[in-house]
Amino acid sequence: MEKFLYDNIIKIAIVITLPLWTAFALAEDIEEVIVIAQEVKQTETDALTDTKLISSIMPEVSYIAGGYGGNVLFRERGTQSVHTAVYRNGIPQNTPGSGWYDFAHDIVSGEDVLVISGANSVMYGSGSIGGTVLIKDLIKKGVTGRLGNQSHRYYSLAPTNWMQVTDFSVKQNARNDNDEEDTYKNTSAKIIADAGDFTLYVNATDYEYDYDNCYTASWTQSNDCLQDGERFTVSIRNEYFTIGRSEDKAEYFTEGVSTYQNESSRDFFRVGDTVQLSNLLDVTYGVDGSKDQYMEQKQDNYGAFLSINAKFALEYNFGIRYGNEDQNAVRLGIAKDQFFFNVGTSYRRPNLYELYGDAFVDPNNELLPEEGVGYEIGFGAISIFKYEFEEAIEYTASYSETVLVSPATYDADGNLLTEQVTEEIYYNAKYNNSGSYNTQGIRFANTWGPFSINLKVNDTDQTRIPEYVGVITWVQMFKDVHYKVQYSGQFDRVPGPYDVLSEGQEFLEDLTKLSVYITKTFTNGMNLNFAIDNITDEEVEVLPYYNNQGRQINLTLQYNW
């Protein structure tokens with residue numbers, strides 16, 4: 001842990017002394033604009049009741065294949081995960097290699113999260129039609145500790161209001177075809193420092209994920225697998241400008257030998273302002289750009305955006321973005337009281353990994369971009385949406401094919417002259433354009449007293465997306481004790497190409513979860529939480545050979561000063 005902190009403090013010192021960073025006024029809250037005619041969800045995460053950040057954003061994502069550290073992506077509204085933009089402290093986090101953001105290594109430590117969709121998403125890239133997740137780090141002085149029934153520990157310490165360190169580790173069984181005990185460790189640190197009109201945000205994470213079923217250098221399988229990774233984000237911001245850098249590194253080991261590694265980084269800036277022209281009209285405008293790098297490959301992305309909010313009989317929001325390499329998008333939103341409607345276009349440029357691949361994936365420089373259009377209409381708690389994509393980019397696994405080199409030959413009497421000659425040709429994995437796809441559905445979210453209900457219906461061509469999703473939450477306070485009961489479920493998940501179902505089975509197994517949280521708050525700043533997660537101990541195969549986590553019983557103590 002000391003080495004982890006030392007290495008990242010050195011990075012911080014190097015970054016903040018760059019002369020370029022002192023030449024501008026930087027953006028503090030440019031993303032927190034007026035949001036009209038779109039779904040909005042804002043929450044402050046709480047380590048008392050959960051340790052997975054993704055569960056705070058999407059409560060229905062209650063199971064992660066492979067346990068803590070297993071890949072988990074934001075796939076809202078049936079779109080691919082690359083169509084959702086994720087920002088932390090103003091810096092885009094979708095990795096330049098994959099194009100997505102993996103929430104597996106985000107441990108809750110008091111973040112503020114805002115999820116938006118619709119016209120304002122145009123400010124976060126031409127391909128963010130699936131939504132935008134804005135994560136803003138917060139620090140509250142205090143200490144949090146958790147004990148559990150799975151050799152589980154969680155400690156978070158914030159001795160001041162500008163620094164926090166969180167350490168998390170868990171013993172788990174990553175796969176369901178063996179009984180081996182696997183370890184996941186995560187140490188993260190964040191700094192928020194004010195200096196006049198400027199604010200410095202730093203977030204650094206070091207993790208180790210012990211998992212199974214990897215290949216050795218001789219292509220034999222082993223269960224002695226380790227992913228050793230680091231994440232680092234730094235930004236300096238004020239009212240008008242954001243500039244910063246994000247890094248993502250991972251190295252994979254099999255039986256102690258390094259077998260694969262990847263490294264990506266992004267240098268980013270955004271400058272802009274919101275001008276209130278009248279009580280009925282305000283305009284947000286700006287430019288942004290990034291220099292992305294994945295291994296040895298580089299890519300520049302930049303653009304200008306404009307978002308106008310107006311109120312004349314109806315509420316209007318218009319957004320437009322113009323970027324390099326035709327990365328353009330237009331969005332329009334209209335609202336009146338509880339009614340709202342928005343429509344927008346999308347243009348996603350192929351990312352570096354899709355274009356250039358690596359030792360396991362062949363390059364494809366002929367990839368076409370993903371273009372699409374989305375619609376949403378709603379009234380109050382209910383909304384209907386539809387996305388139409390003209391082109392998709394999908395992974396094609398490696399395969400072998402028997403090809404006829406020359407046919408057999410025969411004489412006039414039918415006697416064989418020469419044997420048929422065939423050749424076995426191996427095709428490496430590759431990203432290809434797979435044509436158009438559509439996704440549509442209905443959303444319902446409302447609260448009645450202590451009950452809140454969130455229901456979703458997805459009709460999509462994408463696999464593994466549940467057709468029906470439901471989250472029911474009951475919260476109540478009795479004699480200064482806070483009670484929360486939550487049920488979540490994912491139903492009718494369409495299988496993917498690698499899923500094996502029993503004869504007659506049409507869908508993957510349903511994912512359901514029932515949990516209870518009881519919290520007592522004391523007047524001295526102390527909070528005590530007792531939680532039973534997955535009460536019924538549901539065990540379901542989320543992915544082939546990967547189950548969900550079983551019942552967990554945790555006791556968490558938090559003291560803020």
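**Salt bridges and a surface patch**

The count comes to 22 salt bridges, a salt bridge being a side-chain nitrogen of Lys or Arg within 4 Å of a carboxyl oxygen of Asp or Glu. This is a predicted model, in which local features need pLDDT of at least 70 and side-chain atom pairs count only at pLDDT 80 or more, while totals for chains, interfaces and linings use all residues. Residues are numbered from 1 along each chain as its sequence is written, and side-chain values use heavy atoms, with hydrogens and water left out.

Reader: Happy to start with a pair: is Lys 52 buried or exposed?
Author: Lys 52 forms a salt bridge with Asp 50, and their closest N and O atoms are 3.8 Å apart. Buried means under 20% relative accessible area, exposed over 50% and partly exposed in between (1.4 Å probe, protein chains only). Lys 52 has 6% relative accessibility, so this residue counts as buried.

Reader: How many residues apart are Arg 231 and Asp 106?
Author: The side chains of these two, Arg 231 and Asp 106, meet in a salt bridge at 3.7 Å, N to O. Arg 231 is in strand S13 (residues 225-237) and Asp 106 is in the loop between strand S3 (91-92) and strand S4 (112-116); strands are DSSP runs (E, at least two residues), numbered from the N terminus. The pair links distant parts of the chain, and the separation is 125 residues.

Reader: Which strand holds Lys 190, the partner of Asp 137?
Author: Good one! Asp 137 forms a salt bridge with Lys 190, with the closest N and O atoms 3.9 Å apart. Asp 137 lies in the loop between strand S5 (131-136) and strand S6 (142-148), so the pair ties together parts that are 53 residues apart in sequence. Lys 190 itself lies in strand S9.

Reader: And which strand contains Ile 377?
Author: Ile 377 belongs to a nonpolar surface patch with about 670 Å² of accessible area together, by the Shrake-Rupley method with a 1.4 Å probe. Patch residues have over 30% relative accessible area and no salt bridge, and nonpolar side chains (Val, Leu, Ile, Met, Phe, Trp, Tyr) are joined within 5 Å, like charges within 9 Å. Ile 377 is partly exposed at 39%, and the strand that contains Ile 377 is S22.

Note on methods:
Helix = DSSP H or I, 4+ residues; strand = E, 2+ residues; numbered from the N terminus.
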